[in-house]
Amino acid sequence: MTVLEREKLSNFEKSISKIYSEPVVIWLRDVYLKYNKKMNIMLSKYTTKNPIVFFISDDLDMNQYVSSFIKNSIKKMPYIYDMNQEIGQFFREFCKYKVSEDSDSKDFHSQYINDFSKKIWDKYSVNINIAVSRYLYNYCEDEKVWPDKYKIRHSNSNFVEYRFSLDTVNLLGINDLFSTPPVKKIFKGNKEILEYLLIYYWVHEIDDEDVNWEAYLSKLRISNSNLLD
């Protein structure tokens, strides 16, 4: 190993040691040395495109998520075929780290929703605010999942916008999201809270042109006022 290679390895180890446990660091280091691949970067990119991982609260769902990753990636990375356990542990620690980066994001809704968020955190260690936010950032970038009637194409460019109203069917993909096992487990009987969070983060973080937030709250006070208590 050359001096430059040793320096690169040292820098890599330092960067991942700040975030991951020793077993994960050792695994990432071994893959880097053997295959010259930074699995931490590849896996983190996968979570960006597949943010459902932030809703996962048990080993069964994590195993299915890992299996899906391996199935979709094994042609390009055949060496991962027997790395299920290591990859799963990476995803767990990666999500934990990302949640810790934004630990102040749990308490700015109504008391009812804050209490629900805390209950889910205490029971499942899932931060539903971060999970919903990450889902939406991927949703707004992936026009393939948008229904055609809600796509606005600009004739003078390839730019496509997603436009909807509060009466939109499958608003922000809520039905598809809710049907996934990790999300259904957490929000069972509380789909209206999931809708509230989807609209809240869309308006406050992505695009405030589609929905008048105050008008939405006024409508909510009539249909489901306890959410705002």
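Trainee: What sort of crossing does H2 make with H5?
Mentor: H2 passes H5 in a left-handed crossing (near helix turned anticlockwise from the far one by less than a right angle). This is a predicted model: local features need pLDDT of at least 70, side-chain atom pairs count only at pLDDT 80 or more, and totals for chains, interfaces and linings use all residues. Residues are numbered from 1 along each chain as its sequence is written, and side-chain values use heavy atoms, with hydrogens and water left out.

Trainee: Where are H2 and H5, and at what angle do their axes cross?
Mentor: H2 covers residues 22-35 and H5 residues 84-101 (DSSP runs of H or I, at least four residues, numbered from the N terminus). Their axes come within 10 Å and cross at roughly 120° (lines fitted to C-alpha atoms over the stretch in contact, angles from 0 to 180 degrees between N-to-C directions).

Trainee: Which residues of H2 and H5 meet?
Mentor: Val-24, Trp-27 and Leu-28 of H2 meet Glu-86, Ile-87, Gln-89, Phe-90 and Glu-93 of H5. By class, that contact (heavy atoms within 4.5 Å) has five nonpolar, one polar and two charged residues.

Trainee: Is Cys-95 buried or exposed? And Cys-140?
Mentor: Cys-95 is buried, at 11% relative accessible area (under 20% is buried, over 50% exposed, partly exposed in between; 1.4 Å probe, protein chains only). Cys-140 counts as buried at 18%.

Terms used:
Helix = DSSP H or I, 4+ residues; strand = E, 2+ residues; numbered from the N terminus. Nonpolar A, V, L, I, M, F, W, Y, C, P; charged D, E, K, R; others polar.
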